[in-house]
Amino acid sequence: MAERTDDRLIVALDFATRRCAADMASELEGVAGFFKLGLSSLAWGGLEFAAELKKDSKRIFLDLKLFDIGSVVARTVESLNSLGADFLTVHGDPGVVRSAVSGRGDANTKILAVTFLTSVDRHDLDAALIKRGAFGDLACERATRAIDAGADGIIASAREAAAIRAVPGAKDKLIVTPGIRLGIGDRHDQVRVMTPSAAFEAGADHIVVGRPIIRSENPVDAAKSILAQLPGTSNRPTG
C-alpha cells in the first residue's frame with residue numbers, strides 16, 4: 001500500500017497542457033497527493049483530468065472562483081458534484097456563497113470563499129472601488145460574511161490567516177493559503193506572500209504551492225523541502 005501523503009500541501013498544476021499536468025502529477029507520486037486545477041485548465045479538459053485523478057485516489061481542489069447570479073452558481077456547483085472534488089472556490093460575496101452551498105447539497109465538496117486575491121494590494125482595491133479600510137480588516141469582514149453564509153472555509157493570504165482565524169465562527173473552518181513562496185526574491189505575480197512554515201504558524205490548514213515546485217529543476221526535491229518545513233502535527237481540521 002502506498003504511503004499516505006501529507007495533504008496539507010496542495011500542488012497547483014498550473015500548466016498549459018494536460019500532458020504537462022499529468023506528467024507532474026505522476027512525477028510527484030508518493031510525495032504529493034492533493035492537486036489544484038484552475039481556470040486555465042478548462043481549455044485542455046481540466047475537469048475530465050480532475051475526474052481521472054480522483055479515480056487514482058488523489059484529492060482535488062477546483063479553483064474556479066465562481067461568480068455569477070445565484071441560480072447559475074447553484075446549477076454549476078450541482079453539475080460539478082459528480083466530479084467529487086474535495087475543495088471548490090467561489091468569490092466571497094454572501095449571495096454567491098449561499099448559492100454554491102445550495103448547489104452542493106449533500107455532496108462532500110468543501111465550499112471555500114475567496115476574500116481577496118494574493119496578487120492584489122490596497123492600490124488595487126482602490127482601483128476596484130472597494131471601500132476604504134486596512135486590507136486585513138476588509139479580509140476579515142469578507143471572511144465573516146462568507147462564513148455566515150455557509151462557507152466551509154476561506155481562501156486568503158497567510159498574512160491575514162491569524163486574524164481570520166479569530167473572527168466569529170472561524171475556529172472550525174478551513175483556511176487555505178496561496179501565495180506561498182520560499183524566499184523574498186521569488187514573488188512573481190504575487191504581492192502578499194509568506195513562507196510555508198510561517199503560513200501554518202499563522203493558522204493555515206493547507207498551503208497551495210505552484211511555481212516553487214512545478215518550475216523547479218527537481219519538483220520532487222522541492223516538494224519534499226516544503227513538506228520538511230511543515231509542523232510535525234496539524235492541530236486544525238484537514239477537510
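Arg142 sits in helix H6, where helices (H or I, at least four residues) and strands (E, at least two) are DSSP runs numbered from the N terminus. The model is a predicted one, so local features need pLDDT of at least 70 and side-chain atom pairs count only at pLDDT 80 or more, while totals for chains, interfaces and linings use all residues. Residues are numbered from 1 along each chain as its sequence is written, and side-chain values use heavy atoms, with hydrogens and water left out.

With a relative accessible area of 23%, Arg142 comes out as partly exposed; that class lies between buried (under 20% relative accessible area) and exposed (over 50%), using a 1.4 Å probe and protein chains only. Setting aside residues up to four places away in sequence, Arg142 touches His91, Gly92, Asp93, Val114, Thr115 and Phe116, a contact being heavy atoms within 4.5 Å. Lys224 is another matter: Arg142 and Lys224 are 82 residues apart in sequence, and their C-alpha atoms are 34 Å apart in space.

H6 covers residues 135-148, and at 1.5 Å a residue its 14 residues should span 20 Å; the end C-alpha atoms are 20 Å apart, so the two agree. The expected span here is 1.5 Å times one less than the number of residues in the helix. The buried residues of H6 are Phe135, Leu138, Ala139, Cys140, Ala143, Ala146 and Ile147. Their packing partners are helix H4 (94-104), strand E5 (110-114), helix H5 (122-127), strand E6 (153-155) and helix H7 (158-165). Just after H6 comes Gly150, with a positive phi of about 115°.

Ser57 has a positive phi of about 65° and is found in the loop between helix H2 (46-55) and strand E3 (59-66). Ser57 is exposed, at a relative accessible area of 67%. Lys65, not a glycine either, has a positive phi of about 45°, but its place is in strand E3 itself. At 27% relative accessibility, Lys65 counts as partly exposed.

Thr177, in strand E7 (residues 174-177), is buried with a relative accessible area of 0%. Not counting residues up to four places away in sequence, Thr177 touches Ala156, Ser157, Ala158, Ala161, Ala199, Ala204, His206, Ile207 and Val208. From Thr177 to Ala25 there are 152 residues in sequence and 21 Å in space, C-alpha to C-alpha.

Ala21, in helix H1 (residues 18-27), is likewise buried, with a relative accessible area of 0%. Leaving aside neighbours within four places in sequence, Ala21 is in contact with Leu13, Phe15, Trp44 and Phe49. The C-alpha atoms of Ala21 and Ala162 are separated by 32 Å, and the two residues are 141 apart along the chain.

Phe15 comes up again with Gly210. Gly210 and Phe15 are 195 residues apart in sequence but 9.8 Å apart in space, C-alpha to C-alpha. Gly210 is in the loop between strand E8 (206-209) and helix H9 (211-214), and with a relative accessible area of 9% it is buried.

Stepping back to the whole chain, there are ten helices and eight strands. Along its principal axes, the C-alpha trace spans about 45 × 40 × 35 Å. A compact globule of 239 residues would have a radius of gyration near 18 Å, and the chain has 17 Å, which agrees; the radius is taken over C-alpha atoms, and the globule rule is 2.2 Å times the number of residues to the power 0.38.

Buried residues make up 50% of the 239 residues. Among contacts with a separation of 6 or more, residues 24 or more positions apart account for 65%. The accessible surface comes to about 11200 Å², with 51% of that belonging to carbon and sulfur atoms; areas come from the Shrake-Rupley method with a 1.4 Å probe, and for residues only the protein chains shown count as cover.

As for charge, the chain has 30 positive and 31 negative charges, and their mean positions are 3 Å apart. Lys and Arg count as positive and Asp and Glu as negative, with His and the chain ends not counted; each charge is placed at NZ of Lys, CZ of Arg, CG of Asp or CD of Glu.
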